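We will go stop by stop.

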Amino acid sequence: EGRKLTTILGVAAGLSVLLVLMPPLVSRDLFSNIFYGKIGAVYKQNPYLITPQRFLDDPLMAFTSLNWKNTGVVYAPLYTVFSVFLVKVTGSGITANIYSFKTAMAVFHLVNIVLVWKLMEDVAPERRSFGTMLYAWSPLVLIETAGGGHNDIMMICFALAALLLILRKHDLLAFVMLTLSVMVKYITGLFLVVFMIYLLQNRALWWDRVKVLVGYGAVVLIIVALLFMPFWQGIHTLDSTRQNLQLSNSYSLSWHFTHLVQIIFRGVGLSHDTANSLGNMLGKTLGWIILLSVLGYLSLKVKERGDMPEAWTMVTVAFLLTTGYMLPWYFVWLIPLLALREWDWFTKTALGVSTIFIGFGCDLVP
């Protein structure tokens, strides 16, 4: 068994090295991530409040996507701290930082392979090699992480570690890991809700539930406070994050639904502005209702620890179907969870859709 894992890791490592040495693939987000790290490490400014636009003479400006030139950091603080650290270690050179950031994400991918291997031992040992290969050699994961340097793989690394700890009954440490995942990108807060509801459901006495809620809630608050401490300057620290929630694009189903509703409203005689406003409100409201309903339903269905992987999978799918802003690397969240599932029509379809999405959302051309 150990030789199989070594082979899977070896192939993934070889492919990752090739992709790390290539120019950034699919997206220019890597350059803005480096820039934010540079704002903290080199310019000694707060990247949540100070944008790349303030440093027009920096050579990174030529490579940074227009969307992020005048936007502060939208990610959670653990990734921001990590970005600042990488730039401090690597220096201010663009090429060196490209290799540094891409290598870091490739390493997280290799760690994830080991985590998936261990998870498969608990979830489906008869499919251990197949499931691990499904994740390890996924074209989407390799291209978006070692190729594109996206931080989604870091977020998923902490989530997979938390899932393994949950299955092996180390709840407090699992909660810490899951909170760290949220502190990379906020989306795994959905997993945190599922886990917390499971913990509460498994306490019969109301006092035990209060202790769990207060104790684990305190863990979240302490971790969040410590990580935000270097950057926090009041609620304005989160302005860019809140603005980012308003983004939408044509890769999402929600966007198409919203535009269909707007067309219908205009067709019945409403003005262009009124139709657009009502359509946006209806699209977002319906998306939130669906997502929260699915989240609540799946959370209540988790009766045993073994139900957690499937609940996380379906919550992720629900988010991808309802979000107004969709990008191909979002499927990186789903691939390791699909690897844990049985090889049925749903798994095949989801993997097929994620593979098709590899070529979407490319913004390397100005």
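Two residues are in contact when they have heavy atoms within 4.5 Å. Keep that cut-off in mind for the first stop. Remember too that this is a predicted model.

**Stop 1: Phe 175**

Select Phe 175. Which residues does Phe 175 contact, leaving aside its neighbours within four places in sequence? Show Leu 192, Phe 195, Met 196 and Leu 199.

**Stop 2: helix 9**

Now widen the selection to residues 171-182, which form helix 9. Helix 9 has 12 residues. From its first C-alpha to its last it reaches 16 Å, close to the 16 Å expected at 1.5 Å a residue.

Colour the buried residues of helix 9: Asp 171, Ala 174, Phe 175, Leu 178, Thr 179, Leu 180, Ser 181 and Val 182. What do they pack against? Select helix 4 (77-90), helix 8 (152-167), helix 10 (189-201), helix 11 (206-228) and helix 15 (308-322) to see their partners.

**Stop 3: the nonpolar core**

In soluble globular proteins, nonpolar side chains tend to be buried together. Here, the largest nonpolar core has 120 residues. Select Phe 175, Phe 195, Met 308 and Trp 312, the members that touch the most other members. Helix 8 gives the most to this core, with 15 residues.

**Stop 4: the largest pocket**

Rolling a probe the size of a water molecule over the atoms shows where empty space is left. The largest pocket has a volume of about 1,300 Å³. It is lined by 42 residues, and the closest to its centre are Asn 244, Leu 245, Trp 288, Phe 319 and Thr 323.

Which helix supplies the largest share of this lining? Select helix 14 (272-301), which supplies seven residues. Helix 10, helix 12 (239-244), helix 13 (253-267) and helix 15 are among the elements that each supply at least two. By class, the lining of the largest pocket has 22 nonpolar, 16 polar and four charged residues.

**Stop 5: the second largest pocket**

Select Leu 253, Leu 321, Phe 331, Val 353 and Phe 357. Of the 17 residues lining the second largest pocket, these lie nearest its centre. This pocket has a volume of about 360 Å³.

Show helix 13, helix 15 and helix 17 (345-356), the elements that give two or more residues to this lining. Helix 17 gives the most, with four residues. How do the lining residues of the second largest pocket divide? Colour them by class: 13 are nonpolar, four are polar and none is charged.

Methods:
Residues numbered from 1 in each chain as written. Predicted model: local features only at pLDDT ≥ 70, side-chain atom pairs only at ≥ 80, totals over all residues. Heavy atoms only, no water. Expected span 1.5 Å × (residues − 1). Buried < 20%, exposed > 50% of the residue type's maximum accessible area, 1.4 Å probe, protein only. 1 Å grid on protein atoms, 1.4 Å probe; cavity = no way out; pocket = protein on both sides within 12 Å on 5 of 7 lines; lining within 4 Å. Points joined across faces, edges and corners; volume = space filled by probe spheres on them. Nonpolar A, V, L, I, M, F, W, Y, C, P; charged D, E, K, R; others polar. Core = buried A, V, L, I, M, F, W, Y, C linked by side-chain atoms within 4.5 Å.
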